[in-house]
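The following exercises concern the two chains shown below.

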Amino acid sequence: MLCHGSVRVPKNAKPGAAVVRVVMPESSSYGSFATDIPVTIK
Amino acid sequence: MRRISTWTLLVAAVLNAAALATAQDGGPAATAAEPTYRLIDFAAIDRSIKKLPTFLSSEQRYGLLLFGRNGETRMWAVMDRSDPKRAPFDVLYLDLDADGDLTEAGERFQGDTTSVGRVNFLIPILVDPATKAEHTEVSINWRPKSDRLPEGTRFKIRWRGGKITMGPYGPYSKCYQPFATTPQDAPVFVPGFDRPFQFQHWMCDKLQRGNATEFKVFVGNRGSRPGSFFCVNDRFLGTKDSPEATLICTDLDGKPLRYHVKLTSRC
């Protein structure tokens with residue numbers, strides 16, 4: 001049901017609002033709408 | 001399983017290039033050309049119902065399913081009680097031909113009530129009103145509010161008789177959308193996997209600097225609000241079809257930072 005992987009936030013990232021953009025790879029036969037998921041860096 | 005053809009994807013990619021690159025969190029994006037596939041503008045969805053049956057209960061539950069390339073075909077699902085004094089919503093009116101008339105023969109279903117007050121509706125074959133494809137093993141489950149969970153409605157559909165699509169889901173389980181008490185408030189769902197995929201995170205919207213977070217996403221179609229996402233199951237996509245995620249942020253000096261990862265794990 002879920003696809004997942006490890007996202008590492010650099011130590012020098014600025015805290016606050018950011019996005020994780022998720023998209024299907026170009027090599028896939030499935031298309032996608034690139035989706036910007038809002039996240040908060042703490 | 002129906003795959004989108006390479007040619008269709010190529011045309012869609014050209015027409016949608018600007019929109020697909022910058023679509024913000026599921027909101028509609030403007031394009032100069034009319035795209036093959038568009039993000040659905042849920043605020044513009046017509047919520048009228050042409051003809052309702054005579055209900056027995058003083059309150060009903062409303063949900064709306066969208067079918068078709070861009071969700072242009074509406075199918076209302078309305079729940080009622082066969083006995084107005086009993087709690088379960090055990091009667092389902094499903095607008096199978098999507099004509100807005102819920103009084104027609106064959107569109108009223110009596111559910112099976114379990115010992116804990118849940119209700120299961122099973123529709124062996126649902127002919128897609130937009131594509132005429134046959135979806136099978138359509139399961140709709142209603143559960144009452146309990147100490148642990150809010151009232152809810154769940155769908156599971158064997159899309160085109162093949163793989164499963166199900167919902168609704170959201171970023172947190174407490175926000176999974178139940179049916180609403182009015183058509184105007186009804187959640188809108190987009191089942192299936194005929195359209196380009198969208199993504200919904202699962203409990204990972206807070207990231208810690210210097211740490212790794214297991215970033216989890218549902219793959220499927222967004223609905224009208226958080227908690228109305230329809231997804232495919234964890235066996236749908238092979239490893240080569242793994243979604244790609246890019247963290248987009250800045251460093252402490254304001255310079256752009258990117259962190260790219262393939263979401264190759266499944267659960």
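**Exercise 1: a strand pairing between chains**

Determine which strand of chain B is joined to strand β1 (residues 2–8) of chain A, and how the two strands run.

Solution. The model is a predicted one. Begin with strand β1 of chain A, residues 2–8: seven bridges join this strand to β13(B). Next, consider direction: the two strands run antiparallel. Finally, examine one position within the pairing: A:S6 stands opposite B:E214 in β13(B).

**Exercise 2: the contact between the chains**

State how many residues each chain brings to the contact, and which element gives the largest share of the side of chain B that touches chain A.

Solution. First, count by chain: 39 residues come from chain A and 58 residues from chain B. Second, list the elements of chain B that each supply at least two residues to this side; among them are α1 (6–22), β13 (212–221) and β15 (244–250). Third, identify the largest share: β13(B) provides it, with eight residues.

**Exercise 3: chain A by itself**

Describe the elements of chain A, its extent and its burial.

Solution. Start with the elements: chain A contains three strands and zero helices, and the order from the N terminus is β-β-β. Then take the extent: the C-alpha trace of chain A spans about 35 × 20 × 20 Å along its principal axes. For burial, a residue is counted as buried if 20 or more other C-beta atoms lie within 10 Å of its own. By that criterion, 48% of the 42 residues of chain A are buried.

Key:
Residues numbered from 1 in each chain as written. Chains lettered and ligands numbered in written order. Predicted model: local features only at pLDDT ≥ 70, side-chain atom pairs only at ≥ 80, totals over all residues. Contact = placed C-beta atoms within 7 Å. Helix = DSSP H or I, 4+ residues; strand = E, 2+ residues; numbered from the N terminus. Pairing = 2+ DSSP bridges. Buried ≥ 20, exposed ≤ 12 C-beta atoms within 10 Å, placed from the backbone.
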